[in-house]
Amino acid sequence: MSLANVSTHYISEKVARVRWLPEQLQQSERFVTGSWDMDRNFVRLWRLQANQYATATESDNVDQTPRCMDKVAMEDDVTAIEFVDNDTLAVSCADGHLSVLNVQRAVEEDQIQRMARSGRLHCFQRSQESAPCTDLSVYGTDIATAGEDGCVNIVSVANVRQVKRTIEADSMALFSICYVSQQELVTANRMGVIRLLDARVATEAQPKTTFTVASQDDKSSNFVSSLATHPMQQHILLCGSEEGSITVWDLRNLNYPASYLSAHQSPINEIGFHRKDPTKLFTAAEGGEVWMWSENKVLGGDSNKNGLSPWLSGDRVRSLVDVEGVLSNIRKAINSFDVHGSRLVCGGDTEAVYLVDHIA
Amino acid sequence: MDDSNVPSFELGDALATRCGNTLTGVFLPGSRIALSAYRHVTHSSRDAPTETAGQDPVLVYLAQESTLFDEPVLRSVLAESNATFATLQQLGLRATRAEYVKLSRVYRSIVRACLEKLEQAKKSPEVQTDEARLRRFTDAIMVFYAAECLWHLFEILYIQNNQLVVPQLLDWARFHSSQAEDRATDLLLMAEEASESDNYWSILKSLIMLGVIDVTRAILSQNRKAGQPAFKAAELILKSMPVYQEGYALQKFHSQWEYWHVDTERKIQTGLFATEPELEQILRLVTGNNEQWDAAIKESKDCYEYLPGYLLFTKPTCKPFELRIAASNWLNRWHLLRPEKEQTSINRMIAQLMDHDIRLFIYEAQKLNDTHWFSTHLIDLIHHCGQLKSYFDQNNIDLPALRHSMIYEYGSYLMTSHNLWQLGFDYLDCCKQEGQAAIELLLPRITLRSERQATKLINLARQRGLKGVEQEICKVLSKRSYDAERYGNALEWAIRSKDLLLVTAVADFILKHYSRTGNMLCPDTIANVGGRMFISPRLVFLSKYYEFYEFYRTRDFMSASELLVNLLQSRITPDYFWPSLLIDAMPLLESKDQTILAKETVAILHHVETELVPIIERDVSKYGKHHTETVFKDYRVENVDEILNLMRLACARNLARALITENTMPVA
C-alpha cells in the first residue's frame, strides 16, 4: 500500500453516492456523483484530466484532477446510483422517485441527461406524503427499489413508469436492498432484520424467511446499512451494520450466521467487492475510513478450487483475510466508494472526492 | 465594510407606518431576527384597543444575515478549511515553525483555488445573465482577494518571522499586481517588436518598481538597440546589482551595495544614458532617485504596490522592525503626493500589519464580509504558532479567550445554517463545555430529512456521549411514525430511544388495538424484538403474548397453554388486557384434548376471581349497572361481565376433567 496515492478534490457538495462509468478494456476515467442535503442536488458527471498545475519538481504531485463535464438537477437528495449498462444509470431520490439517466461519452465534452422518471414509487399510506427511496439494486434490466415505507418496487429499465411488482416487505423503514439472483432479493431494515423476498410473487405469497444480523449487544438496535453479495458465489451475503461489524450469511444455511467480524467503530455506509477481483472487499464507514479486506492467498489456499470461501469460515476469517486501511482520518462520513481496476474513488460529507491510485 | 454602510431594514407595511414605522424584533436561533410593527406603550398609556385595531394584517418578517456562503462554489472554502483546521488542532502548540508555515500556506492555497473557481464561474453565462449573482460573485472575489492578500502579508511578517523581509514582500507585491507580469509576458513574446509598442517603457518601469529585475533585463536585451553602449551599460548595472542572501556577512554586503550604488549614480551623472532618456529614468529608479519615485507614485493605483520595490533599491536588508518606520514614511509620502486618494480598508489593514498593530488589525478583520472565516482561522493559527504571544500579553489581550469565542461563534454559525451543520462540529468540539452545550442544543434543531440522516445525527450524538440528544431524535421520529400510523416503525424508534414511557405507550396502543379488533399490528416487528424487549415490562408482555398468539395460530396448543399460564402468573399483564387474556384461555380450557392441568386451571380460576372480578366491579361502580362503554373491551364479547360465568363454567369443566385424567394416570 506504500504505492497508494491519495488525492483530495473538494467539490462543494456532500456526496451520497459515487460510481465509475463501466469500461470493459481500460481504466475508467469518468465517474458520477450524486449529492445530498444541498439546496439543489445534482447528479454530476466527472472526468479525470491532466492536472494543469502539476510541477515536475514536487514529489507529491497530483497527476489528474476531476472536472465536471455535465450535471442533471435532481428533485431531492440522491440516495443511490447504480449502472444498468455501460451508459445507463438508475438514480433513486429521497422524494420516492427513480430516474434513469444516460451518459454520452465524447472526445471533448461528455454529456449526461435524464431519459425517464418513474411515478412515485414510495409513499406513506396514511399521509400520502412521499417516502424516501433508500436504496436500489439492479439485476439485468430489472431495478428493485426499497423505501422508508417498507415497500419494495420492481421496475424494468425500459419502462420505469410501469411498476412490475410492489411488495410490502416490512412495517419498518428499509435501509438496503440487494439482488441475490434474478428472482431473489434480500432487504434489510432498521432493526437489523434481513428478509429474503421472491421477486415473482405478491406480498401475500412471500416466503417468511428472515434472519437477524449479529450484534455485540442484543439489547440495542443494530441496523444493516449496506448489503453485498459475492460476485462469483452469490449465496454469500455480507451485511455491514450500524455498530461497524460485518455479518456474513451463507444463504444455503440460514440457521446461524457464517461469520461475524467486528470492524469499524462507526456504521458501515457501503460494503462491496472489487468488480473484477472477488478476493478483495472494501468497506466505507461513517467515521471516515475506507478499508480493504483481501484474502490471504497463502493461508486460505485457492478459494476457487475447493469452492469454500474464507468468508464462510467462521472465527477463522480473521486469519484468512488481511485488512488494511485505504483511507483513514477523514473524520467525517465516507458515504460511498467505487473501485474500477486499480483505482478507487470515494466521497462523503467532507464535500470532497478522494481518488486512490494503485490499489493493491 | 465601513462603519457607515451598516445594512438597514425597515418594514414600511401599513401597520408599521401607522405607528410611525417603528419595529420590534426577537432573536431566533440561527442568526435570524423576527421583526414586526411596534407601538410604544408605557405604564401611563391607556389600556384600550386602538381605533384601527384589526384593520391591517399583522406581518412578521424574518431578517437573516446574508452570507456569501450560499453560493455553492464557496462551500469548498468552508469544507477544506475545516479539514485544515482539524489538522492544526492535531498539530497542537509544540510543532516546528515550518509546519505552521505549511499550514498557513494550505489556508492560502484554499483561498487561491477558490478565487480561481470564482473567476471561472463568474465568466459562465448563467452567472453573467443573473445580475444579483454576478454582484455576489464580485463581492466574494473582493473579500477573498483581500483575505488572501492580508493572510500572505501576515504570514511573511509574523509566522515565517524571517530576519529578511524584502524578498518575501516582493513576492507578495508581485502576486497582488499580476497585471504587470501579464503585460511583461506579452512583451517577451513579441521579442524585438516590443520596442515599438506604446507602453513599452511604462511597463518596464512598473516591472522595476515591483523589483522584477530578471524579466526587465530579458526584455531590455531583446530591444533593437540592445547592442548600443547605453543598453550594454544598463545591463551591466542591473546584472551586477548585489542581492543579499541569508548567511552573508551584512557588513560586507553593505560595502558592496554602497559601492554599486555610488558607481551607478556616477555613471548616470556622466551622461552615459543621455541618448536614452527612458532608460535613464529606469536606472534612476534603480538608484532610488526620489524625483523619479515621486513621479511613479503619482501614477500608481495602490499605495503598497511599489513599497517592496522601493525597499529593494533603498534598504535591501530591511528588518521586520525597521519596516514599521519605512512603511509609515512611505505612506506619508504617498498621501502627500496623492491627497485625493481615499484609503481603503484593505490598505488600512496592510498599514496596521506593517505597523505591528495586530489588535486593530483583528478588529478590522472581523468586519470583512466573510462571516468571520478569515479572522477565526487566522486567530486560531496565531494561537497555535505562539509567535505573537508576548505582543498579546503586553496589550492585555487574552488570546486563548479571544480564539475560543471566535471559534465558538463560527462553529455555532455553521451548525445553525441548514446544510453546513457537519462542518460546525469540529469547531464546537474544541470549545470545551460551551461547545458541548452548544452541540447539545443545536443538534436536535437540525431538520430531519430522512431516517438515514437521522442515524447520522444519532451517531454524532453518540460519539459525544449526548444520550439526551439521541433520545430526543428517536422520540421525535417515533412520534412522527406513530402519527403516520406506521406502528412498527414507531415501536422501533421508541425502543431505540430507550424511553420507558414511550415504549410502554406504543406497546399499549398495539395491545389495545388487538383487544378491540383482533388484529395484531406490525407482527413482523414484534416477532424480531428479541433481547430488546427488556426495556419495558409492557414490551415483554407484548412480545410474549405475540409468541402465544403465534403458537395458537399454528395450532401448537400445548406450548400455547403453557405460555398462557406463564403470562397469567407473570404479574406484568396490564389491567385492560385481562379480559382478552382470559378469553384466550377459554378455547384451551374447552378444547377436546386436554391441554391445561388441574393446578393451572385453579390458577386461571384464581386470576378470574382476583383480577377480572375486581376490574368489573370497579367498572360497575364507575359507570353503573348497564354500562355500555367499558374501558375494557374485547372484540369477541359485547360486555365483559358476560364472560365471567362462561369462564367459571369452563374452568370447572376442565378442572373436573383434569382431576380425573391426572389421578388415573398409570403409575410407572
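## Domains 2 and 4 of chain B

In this predicted model, the C-alpha centres of domain 2 of chain B and domain 4 of chain B lie 22 Å apart, the domain bounds coming from an automatic or database domain assignment. Residues are numbered from 1 along each chain as its sequence is written, chains are lettered from A in the order in which they are written, and totals for chains and interfaces use all residues, whereas local features need pLDDT of at least 70.

**Exercise 1.** Describe the side of domain 2 of chain B that touches domain 4 of chain B.

*Solution.* Begin with the bounds: domain 2 of chain B covers 72-163 + 320-397, and domain 4 covers 402-440. Next, count the contact, where two residues qualify if their C-beta atoms, placed from the backbone, lie within 7 Å: domain 2 of chain B contributes 14 residues and domain 4 of chain B eleven. Then turn to the helices (DSSP runs of H or I, at least four residues, numbered from the N terminus): H2 (72-91) and H18 (373-385) of chain B each supply at least two residues of this side of domain 2, and H2(B) gives the most, with six residues.

**Exercise 2.** Decide whether chain B is spread out or a compact globule.

*Solution.* Take the radius of gyration over C-alpha atoms, and the globule rule as 2.2 Å times the number of residues to the power 0.38. For the 668 residues of chain B the rule gives 26 Å, whereas the radius of gyration is 42 Å, well over that value, so chain B is more spread out than a compact globule. Finally, consider the extent of the C-alpha trace of chain B, which spans about 140 × 80 × 50 Å along its principal axes.

Note on methods. Predicted model: local features only at pLDDT ≥ 70, side-chain atom pairs only at ≥ 80, totals over all residues.
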